[in-house]
Amino acid sequence: MRKLIFTLILLLAGYVGYMYFFGKGDDKTNAETIVNETKELGKAVGDFLRRQKGKYDNGEFDQLIDRVGKAVDNLKTKQTENSKEVKDQLRDLETELRHIDPQKLTEENREALRKVLEDIQEERK
């Protein structure tokens, strides 16, 4: 499937490149528009990634891990009537936490993330 998508993207890029250099009239104009918009998209993606790295560096994800840890501790201490609902929420939370790249965290926060994930798995049992 990945090879098919890669092949389609490669063919599309080749077609746009051909029209950009050898196209006539509207085809060349459309190709130029696509190239310019692709450049803008690339810049926007780069800016987005820089901002996300800034969030990692500023510790926003560290605060998220702390809040999640406190929430898990609260769930441990409270007996709830809707245990199925709580388990579903914990499953969703665990999924979101697994999307955090541990390599971008400090060693202390990696350990905190690991502990929170273990706590969530224990509570879901």
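Visitor: How many helices and how many strands are in the protein?
Guide: This is a predicted model, and the protein in it has five helices and zero strands. Along the sequence, the pattern reads α-α-α-α-α.

Visitor: Which residues make up the largest nonpolar core?
Guide: That core has twelve residues: Tyr56, Ile65, Val68, Val72, Leu90, Leu97, Ile100, Leu105, Leu113, Val116, Leu117 and Ile120. Two or more residues come from each of helix 3 (60-77), helix 4 (83-98) and helix 5 (107-124).

Visitor: Which helix gives the largest share of this core?
Guide: Helix 5 does, with four residues.

Visitor: What percentage of the residues in the protein is buried?
Guide: Buried residues account for 19% of the 125 residues.

Visitor: Which residues make the nonpolar surface patch?
Guide: Met1, Leu4, Ile5, Leu8, Ile9 and Leu11 form a nonpolar surface patch of about 670 Å². In soluble globular proteins, nonpolar side chains tend to be buried together.

Visitor: Where is leucine 11, then?
Guide: Leucine 11 lies in helix 1, which covers residues 2-22.

Visitor: And does leucine 11 count as buried or exposed, and why?
Guide: Leucine 11 counts as exposed because its relative accessibility is 57%, and the cut-off for exposed is over 50%.

Visitor: A last topic: among contacts between residues at least 6 apart in sequence, what share joins residues at least 24 apart?
Guide: Of those contacts, 54% join residues at least 24 apart.

Conventions: Residues are numbered from 1 along each chain as its sequence is written. This is a predicted model: local features need pLDDT of at least 70, side-chain atom pairs count only at pLDDT 80 or more; totals for chains, interfaces and linings use all residues. Side-chain values use heavy atoms; hydrogens and water are left out. Patches are made of residues with over 30% relative accessible area and no salt bridge: like charges are joined within 9 Å, nonpolar side chains (Val, Leu, Ile, Met, Phe, Trp, Tyr) within 5 Å. Accessible areas come from the Shrake-Rupley method with a 1.4 Å probe; for residues, only the protein chains shown count as cover. A salt bridge is a side-chain nitrogen of Lys or Arg within 4 Å of a carboxyl oxygen of Asp or Glu. Buried means under 20% relative accessible area, exposed over 50%, partly exposed in between (1.4 Å probe, protein chains only). Contact means heavy atoms within 4.5 Å. A nonpolar core is a set of buried Ala, Val, Leu, Ile, Met, Phe, Trp, Tyr and Cys residues joined through side-chain atoms within 4.5 Å.
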